[in-house]
Amino acid sequence: MSLFSPSVFAQNRVQVTISPANPTDSQDLTCLADGTPNPTYIYLWTRNPGPGNSGTPIWNNPVLPAGQTIAGETYSCEVRLVIPGIVDQSLGSATVQVAAD
């Protein structure tokens, strides 16, 4: 098995969390992979994901600024491992709902 085969990366799941866990619309959201924003991963934020709906893509950094959020909306952060031409794989995701401040 090659060091760069997709099956090697399939075992590399991370625990994804969003901080703060109960955010308001005046707070930035930070996506954490195993407790830290890791610069080797790609972070994809979407608004209002649901069953059969991946949501609207809105941001691609570990931190989603408060100005990009709306009270009452749900936000999901997906952490991906991307090595062009070798692997593009989801490692995990987390979702929170933003409350009014």
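What follows is a walk through the fold, its disulfide and core, and a handful of individual residues.

The structure is a predicted model, so local features are reported only at pLDDT of at least 70 and side-chain atom pairs only at pLDDT 80 or more, while totals for chains, interfaces and linings use all residues. Numbering starts from 1 along each chain as its sequence is written, and side-chain values use heavy atoms, with hydrogens and water left out.

Starting with the overall layout, the protein has one helix and seven strands. Here helices (H or I, at least four residues) and strands (E, at least two) are DSSP runs, numbered from the N terminus. Read from that end, the order is α-β-β-β-β-β-β-β. Of the 101 residues in the protein, 33% are buried; buried stands for under 20% relative accessible area, exposed for over 50%, and partly exposed for anything in between (1.4 Å probe, protein chains only). As for contacts (heavy atoms within 4.5 Å), take the ones between residues at least 6 apart in sequence: 52% of them join residues at least 24 apart.

On to the sheet. Three strands make up an open sheet, ordered S1-S2-S5, with antiparallel pairing; two strands are taken to pair if DSSP finds at least two bridges between them. In general, strands of a sheet pair through backbone hydrogen bonds, parallel or antiparallel. Strands S1 (16-19) and S5 (63-64) sit at the edges, each pairing on one side only. Strand S2 (residues 29-33) is linked to S5 by two bridges, and the two run antiparallel. Opposite Leu29 stands Leu64 in S5.

There is one disulfide by the rule used here, namely a pair of cysteine sulfur atoms within 2.5 Å. The partners are Cys31 and Cys77, with the sulfurs 2.2 Å apart. Cys31 belongs to strand S2 and Cys77 to strand S6 (residues 74-83), so the link ties together parts that are 46 residues apart in sequence. The angle about the S-S bond is -95°, making the link of Cys31 and Cys77 left-handed. Both of these cysteines, Cys31 and Cys77, are buried.

The largest nonpolar core contains 20 residues, and Leu29, Tyr41, Trp45 and Val79 have the most contacts inside it. At least two residues of this core come from each of S1, S2, S3, S6 and strand S7 (87-97). A nonpolar core, for the record, is a set of buried Ala, Val, Leu, Ile, Met, Phe, Trp, Tyr and Cys residues joined through side-chain atoms within 4.5 Å. Leaving out residues up to four places away in sequence, Tyr41 touches Val14, Ala33, Val79, Arg80, Leu81 and Leu91.

Two residues make a handy pair to look at side by side. Thr46, in strand S3 (residues 42-47), counts as buried because its relative accessibility is 14%. With residues up to four places away in sequence set aside, Thr46 touches Ser54, Gly55, Thr56, Pro57, Ile58, Thr74, Tyr75 and Ser76. Ser26, by contrast, sits in the loop between S1 and S2 and is partly exposed because its relative accessibility is 44%. Neighbours within four places in sequence aside, Ser26 is in contact with Ala66 and Asp101. The side chains of Ser26 and Asp101 also make a polar contact at 2.8 Å. That term covers a pair of N or O atoms within 3.5 Å; within protein, one must be able to donate a hydrogen and the other to accept it, and residues adjacent in sequence count only if both atoms are side-chain atoms.

Most residues other than glycine have a negative phi, and most peptide bonds are trans. Ser19 and Pro20 are joined by a cis peptide bond, with omega about -5°, and Pro20 lies in the loop between S1 and S2. Asp34, not a glycine, has a positive phi of about 55°; Asp34 is in the loop between S2 and S3 and is exposed, at 51% relative accessible area. Asn48 is not a glycine either, and has a positive phi of about 55°. Asn48 is found in the loop between S3 and strand S4 (56-59) and is partly exposed, with a relative accessible area of 33%.
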